Amino acid sequence: MDYVAIQSSDKNRHLSDINMVIHEPVILGFEGTAHTAGVAVTQGSRIVINKTATYFPEQGGIHPREASEFLAKNFPLLLEQMVKDLPFGIEKIDAVAFSQGPGLGPCLRITATIARAISLFLNKPLIGVNHCIAHVELGRMITPAQDPMVLYVSGGNTQLITFLNGRYRILGETLDIAIGNALDTLGRKLGLPHPGGPYIEQEAKNGKNILPLPYAVKGMSFSFSGVVTAAQKLISKHEVKDICLSFQEYTFAALAEATERALSCTSKSSVLLTGGVAANTRLQKMIQDVASEQAADFFVVPKNLAGDNGTMIAFAGASMYKGNNFISVHNSHVKPRWRTDQVEVNWIH
Ligand code: AMP
Ligand code: MG
């Protein structure tokens, strides 16, 4: 166990010479649910190491077997670099956290195998982290948001999440594909590189005309596959930049409307935007506007930690460590369809 010394600067209270020693566990986190192999070491809110390798398919979308082979090849390389760069010995690691689900089965199994092996090797407890909750815990750790309404937007998931009565509850979610998946699918049809999200954002900045597209919000849930099909039909009839602008405006407006409804129903005092698509500045602006309409603070995770990474798994692992949420290797099977609201959250009171 390592220790962090915090020195008080409050001279009025005569504490300036007192070193408070706070016990913060060192957590090794492995992310590997789909396209990204992430290895990180954190201590409290400090990121000691954060290394990632991301798989880019040569053609089409993510192929689960190819993605899992990519993870199997890259985790050992990332681990090697991690050990080299770690400013202390690996024996200081207190627990090993890994993304146990949801995600692609072949990828989850590679990640779990590596995490189990390292946990046994170090003789340190194993923590199975829910990937969606990790995106939320990252935001709670590095932004001032403590009990926010969360809009989690990524390649595989799109959910409105908030904490209530011991669990993270899903107030709304996509009824078909995730917003990131929708952007990447349209990007491919438009001939843009993978992943399409950031390229669509760049194109949209030059767009001038908003073309009509379907708009689907059902209560606090939303749907995107019909919008992708309709946008595809505009290809070759309209300019790429206008298609991108229109697609963003319609889909992001649906996310903003559902977020506003969720905020007004719950009266939460902050909104947290997290997940890979949170890097989009147009989406940030729309959600920020909704937050200010509802007198709520707006927080967004930094761009370099918006997409999948090992740090978020280590941060969630640190929270779970405090609640003694350890699992045995025997009980560490992967959970490809693990839902956010199936996890008992005993680290928030
Ligand atoms: P994640 O699954 O959380 O790692 O997020 C990956 C997703 O984020 C992919 O679908 C990307 O297209 C999307 N993404 C990344 N940057 C942006 C951006 N600037 N605008 C929209 N989508 C983005
Ligand atoms: Mg993710």
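In which strand does K51 lie? K51 lies in strand β5, residues 46-54; helices (H or I, at least four residues) and strands (E, at least two) are DSSP runs, numbered from the N terminus. K51 is buried, with a relative accessible area of 16%. Buried here means under 20% relative accessible area, exposed over 50%, and partly exposed in between, with a 1.4 Å probe and protein chains only. The side chain of K51 makes a polar contact of 2.9 Å with the side chain of D85. A polar contact is a pair of N or O atoms within 3.5 Å; within protein, one must be able to donate a hydrogen and the other to accept it, and residues adjacent in sequence count only if both atoms are side-chain atoms.

A word on the source. This is a predicted model, in which local features need pLDDT of at least 70 and side-chain atom pairs count only at pLDDT 80 or more, while totals for chains, interfaces and linings use all residues. Residues are numbered from 1 along each chain as its sequence is written, chains are lettered from A and ligands numbered from 1 in the order in which they are written, and side-chain values use heavy atoms, with hydrogens and water left out.

Next, ligand 1. Of the 18 residues around ligand 1, the nearest are G155, D184, E201, G276 and D308; a residue is near if one of its heavy atoms lies within 4 Å. The shell divides into 5 nonpolar, 10 polar and 3 charged residues. In that count Ala, Val, Leu, Ile, Met, Phe, Trp, Tyr, Cys and Pro are nonpolar, Asp, Glu, Lys and Arg are charged, and the others, Gly among them, are polar. Helices α4 (179-189) and α5 (196-205) each supply at least two residues of this shell. A polar side-chain atom of N280 is 3.1 Å from a nitrogen atom of ligand 1. A polar backbone atom of D308 lies 3.0 Å from an oxygen atom of ligand 1. On its own ligand 1 has 510 Å² of accessible area, and the protein covers 90% of that; such areas come from the Shrake-Rupley method with a 1.4 Å probe, and for residues only the protein chains shown count as cover.

D308 also takes part in the metal site. Which residues coordinate the magnesium ion, ligand 2? They are H131 (NE2), H135 (NE2) and D308 (OD), at 2.1 to 2.3 Å. Donors are N, O and S atoms within 2.8 Å of the metal (3.2 Å for Na, K and Ca); water is not among the atoms, so sites may look incomplete. H135, in helix α3 (residues 131-142), and D308, in the loop between β14 (297-300) and α9 (310-322), are 173 residues apart and link distant parts of the chain. H135 is buried at 0% relative accessible area, and D308 is buried at 14%.

Helix α3 also holds G139, which is buried at 0%. From G139 to P302 is 163 residues in sequence, but 9.0 Å in space, C-alpha to C-alpha.

Last, the backbone. Most residues other than glycine have a negative phi, and most peptide bonds are trans. The peptide bond from G101 to P102 is cis, with omega near -10°, and a cis bond also joins H194 and P195. S267 has a positive phi, near 55°, and is exposed at 62% relative accessibility. A295 has a phi near 55° as well, and is exposed at 69%.
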